[in-house]
Amino acid sequence: MNAERVRLAIAAGLALIVLSACSEKTAAIFLDGVGKPAPPRQKVRRDYQREVEQLKRELAESRRALEQARAPKKVEREAPAAEQAKTWAEAAELLPKDYSGQADWVQALVAGAIAPRPGFDPKTPEQAVFDFDVEFADAPGGFLHVTYPHAAHTRWLTCKNCHPAIFPLKRGRREARPKITMAAIKAGKYCGTCHGKVAFAPDQACARCHKGLPEQRDWQPSEPPRTAIERVKTWKEAERLLPATAAGPDWVKALADGVIAPRAGIDPKAPEQMIFPLNVELVPAGNPVFKVIFPHAVHTAVLSCASCHPALFQMKAGADPITMAKIMAGEYCGACHGKVAFAVPTGCPRCHAALATQ
């Protein structure tokens with residue numbers, strides 16, 4: 001019995017020695033509660049929470065910095081050539097043109113000749129295109145009907161460019177709206193604030209606003225130029241090719257020499273007009289020396305009847321009080337003579353035959 005107790009005591013001692021030599025983790029397997037820290041106090045718990053929140057903030061900042069570093073860097077675009085111009089004349093040379101020879105801003109935007117920014121401040125947000133058409137003038141589809149497209153303008157202009165300084169924004173139907181007329185536009189108001197200055201002129205591209213009119217390119221004959229003079233772009237260029245006298249271009253000689261080859265009309269299918277061989281005599285009362293003989297044949301060889309009648313001359317004998325003062329002021333014969341035909345003061349004998357012998 002005593003021997004048994006001795007063996008048990010020795011075994012217990014050896015177990016204590018082994019356990020004391022093991023790690024705290026190993027001891028925890030055999031003895032419940034061994035190695036667990038004591039519950040932290042309230043102050044220690046708050047310190048831990050602050051440290052955790054700080055670590056979360058630092059982690060979030062690190063992630064943002066990493067995303068910014070990985071994001072592709074924004075490269076400033078190279079300014080289009082038109083933006084590098086120093087004057088409007090230089091910029092206008094670089095912009096695409098419409099059929100009237102004016103700057104075509106829509107085509108410039110499409111072709112990348114311009115790249116508008118939303119504002120001077122680089123942080124200015126982009127403005128959405130405002131797709132809204134405003135109808136003016138007569139009934140839709142009418143001859144002078146106008147459709148104003150906001151979309152085409154707001155692609156490169158902000159609303160503040162036009163509203164409310166140029167076009168007041170009226171909300172109520174009873175409030176009077178501005179009366180937009182071609183006279184006001186040509187005077188530089190409303191659309192004329194830009195058109196005629198940096199955009200196409202109102203009197204050079206009518207069909208771009210009045211869709212009831214055919215575009216100028218649709219008026220051109222499909223056949224090639226008949227003579228060299230039809231290839232020129234300005235009156236000054238044409239004038240250099242025309243035979244001339246001291247009084248100005250000689251259209252009769254130009255026709256005889258083949259410098260010009262008139263067509264019957266704008267429409268290539270228009271029938272040829274016969275020369276009208278009728279001379280009209282005008283004799284001032286009491287002064288027969290200033291008798292004028294107007295030769296229809298000479299004029300109808302190059303002009304159609306509609307060139308003069310009824311806008312310049314009524315189709316009734318004696319209905320037009322033609323005087324030299326009115327001709328010199330640009331009326332009647334002065335609509336052409338002095339502009340594209342011989343000047344009135346230098347061609348007296350050509351109209352007043354009696355003066356040719358003086």
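Visitor: What describes a pair of aromatic rings?

Guide: In general, a pair of aromatic rings is described by the distance of the centres together with the angle of the planes. In this predicted model, the count comes to five aromatic pairs. One of them joins Phe130 and Phe132, with 5.7 Å from centre to centre and 40° between the planes, and this pair is tilted.

Visitor: Where in the chain do Phe313 and Tyr332 lie?

Guide: Phe313 and Tyr332 also form a tilted aromatic pair, with centres 5.8 Å apart and an angle of 35° between the planes. This pair links distant parts of the chain, since Phe313 lies in the loop between helix H11 (296-300) and helix H12 (324-328), whereas Tyr332 lies in the loop between H12 and helix H13 (348-351), 19 residues apart. Both Phe313 and Tyr332 are buried.

Visitor: Which residues make the nonpolar surface patch?

Guide: Phe276, Leu278, Val280, Leu282 and Ile322 make this nonpolar surface patch, which covers about 360 Å². Among them, Val280 belongs to strand S5, which spans residues 279-282. With a relative accessible area of 30%, Val280 is partly exposed.

Conventions:
Residues numbered from 1 in each chain as written. Predicted model: local features only at pLDDT ≥ 70, side-chain atom pairs only at ≥ 80, totals over all residues. Heavy atoms only, no water. Phe/Tyr/Trp six-rings, centres within 6.5 Å; stacked < 30°, edge-to-face > 60°. Helix = DSSP H or I, 4+ residues; strand = E, 2+ residues; numbered from the N terminus. Buried < 20%, exposed > 50% of the residue type's maximum accessible area, 1.4 Å probe, protein only. Patch = residues over 30% accessible without salt bridge, like charges linked within 9 Å, V, L, I, M, F, W, Y side chains within 5 Å. Areas by Shrake-Rupley, 256 points an atom, 1.4 Å probe, with all protein chains shown as cover. Salt bridge = Lys/Arg side-chain N within 4 Å of Asp/Glu carboxyl O.
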